[in-house]
Amino acid sequence: MAAYIFLKDIGKKNKNDIVIADLSLGLEKGKKLAIVGSNNSGKSMLLRILAGIIKADFGTIFIDGKEFLSNSKEIKKTICYIPEHNDFYSDLSIYDNLFIYIKMFSELSSGEARKIILNWADIFNFSDVLYLESCKVRSSKLRIISLARAFIQQPDILIMDQPTKNLDIENQSLFWSKTKSVLKNTTVIYSSYDFSEIEKYSDRISFLDRGKIRLNGSVEQIMNQTESYSYYRIIFKDFVDKGFSRILKESSHCYHLSINHNQIEFYSPNKIESVGLIKKAFEWDVLDFQERPFDFKDIFLTQTKSNL
């Protein structure tokens with residue numbers, strides 16, 4: 001199936017620093033893509049570019065086969081962007097904030113807008129604060145209200161920066177279940193550090209590091225690409241021998257080596273070489289040893305630090 005959203009050679013500078021470099025990415029209509037990366041990896045900037053908030057310095061974005069320009073009003077009306085931080089007018093009520101939001105993308109009558117607001121206020125349990133000024137509403141409640149805008153608008157494209165950050169499990173589940181049922185035809189792109197959320201609710205995942213895509217695919221595809229990797233942890237009785245530390249540091253089969261007093265952690269794709277290193281460790285006083293296959297969090301840590 002052809003890509004509904006396609007980014008070609010996107011680049012963005014921040015002063016003299018390149019934040020996003022020669023990035024290309026495609027996503028089919030109705031799919032959910034999680035953008036994963038460490039702080040300052042370019043995630044938020046990429047999302048703002050996709051939402052038309054800022055312009056890319058290089059490259060082109062196509063939406064449904066048409067070139068997307070950040071000043072294209074018609075296309076922007078089909079996009080809902082929810083930033084990481086709540087962005088309500090503090091001196092207006094929740095109701096007025098949502099009413100203004102509806103008027104920005106539709107020509108609904110005041111009565112129709114009111115029905116929609118009341119409906120979603122009931123579903124997401126914020127009817128009790130609907131007429132309070134937003135500055136008087138606690139931040140966790142504001143977050144679910146902010147997310148409710150996606151259902152009020154029902155956009156073609158939904159872009160979110162850490163959408164469920166600081167939400168409890170109940171509201172997180174409610175949000176994603178409603179997304180699955182109500183916005184099933186909406187193309188969703190979001191960032192998150194919640195690995196459980198990413199695995200449960202994403203069709204595709206892209207690892208972004210230093211403005212470039214490292215891995216891109218479904219959870220299953222990405223796990224298959226790293227199925228030969230394992231995590232190793234060794235705890236010594238007293239301390240890590242300097243000679244053994246040097247052996248590990250010089251090994252081309254150890255990745256993300258961490259040495260802390262009497263403990264060593266590392267990843268490796270080579271079982272035979274790793275077993276040899278483990279045997280070598282037992283020349284000293286080993287208290288504990290752990291080996292396990294990669295999980296999704298391991299992939300995140302490795303992909304956002306250095307190439308495997």
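View 1. Ile 100 sits in helix α3, which covers residues 94–105; helices (H or I, at least four residues) and strands (E, at least two) are DSSP runs, numbered from the N terminus. The model is predicted: local features need pLDDT of at least 70, side-chain atom pairs count only at pLDDT 80 or more, and totals for chains, interfaces and linings use all residues. Residues are numbered from 1 along each chain as its sequence is written, and side-chain values use heavy atoms, with hydrogens and water left out. Tyr 89, Ile 100 and Met 104 make a nonpolar surface patch of about 330 Å². Patches are made of residues with over 30% relative accessible area and no salt bridge, and nonpolar side chains (Val, Leu, Ile, Met, Phe, Trp, Tyr) are joined within 5 Å, like charges within 9 Å. Accessible areas come from the Shrake-Rupley method with a 1.4 Å probe, and for residues only the protein chains shown count as cover. Ile 100 has a relative accessible area of 33% and is partly exposed; buried means under 20%, exposed over 50%, and partly exposed in between.

**View 2. The largest pocket.** The largest pocket holds about 530 Å³ of space. Of the 18 residues lining this pocket, Ile 79, Tyr 81, Tyr 101, Met 104 and Gln 153 are the closest to its centre. Two or more lining residues come from each of α2 (73–76), β6 (79–82), α3 and α5 (139–153), and α3 gives the largest share, 5 residues. The lining has 11 nonpolar, 2 polar and 5 charged residues; Ala, Val, Leu, Ile, Met, Phe, Trp, Tyr, Cys and Pro count as nonpolar, Asp, Glu, Lys and Arg as charged, and the others, Gly among them, as polar. On a 1 Å grid over the protein atoms alone, a pocket is an open set of points with protein on both sides within 12 Å along at least five of seven lines, while a cavity is a set where a 1.4 Å probe fits but cannot get out; lining residues have an atom within 4 Å of a point. Grid points are joined across faces, edges and corners, and a volume is the space filled by probe spheres set on the points.

**View 3. The largest cavity.** There is 1 cavity of 30 Å³ or more. Its lining consists of Ile 5, Leu 7, Leu 25, Gly 26, Leu 27, Leu 33, Leu 50 and Ile 189. β1 (5–14) and β2 (17–27) are the elements that give two or more residues to this lining, and β2 gives the most, with 3. By class, 7 of the lining residues are nonpolar, 1 is polar and none is charged.

**View 4. The salt bridge between Asp 57 and Lys 12.** The closest N and O atoms of Asp 57 and Lys 12 are 3.5 Å apart; a salt bridge is a side-chain nitrogen of Lys or Arg within 4 Å of a carboxyl oxygen of Asp or Glu. Asp 57 lies in the loop between α1 (43–51) and β4 (58–63) and Lys 12 in strand β1, so the pair ties together parts that are 45 residues apart in sequence. Asp 57 is partly exposed at 38% relative accessible area, whereas Lys 12 is buried at 14%.

**View 5. The salt bridge between Arg 214 and Asp 209.** The side chains of Arg 214 and Asp 209 meet at 3.0 Å, N to O. Arg 214 is partly exposed, at 24% relative accessible area, and Asp 209 is buried, at 5%.

Technical notes. Buried < 20%, exposed > 50% of the residue type's maximum accessible area, 1.4 Å probe, protein only.
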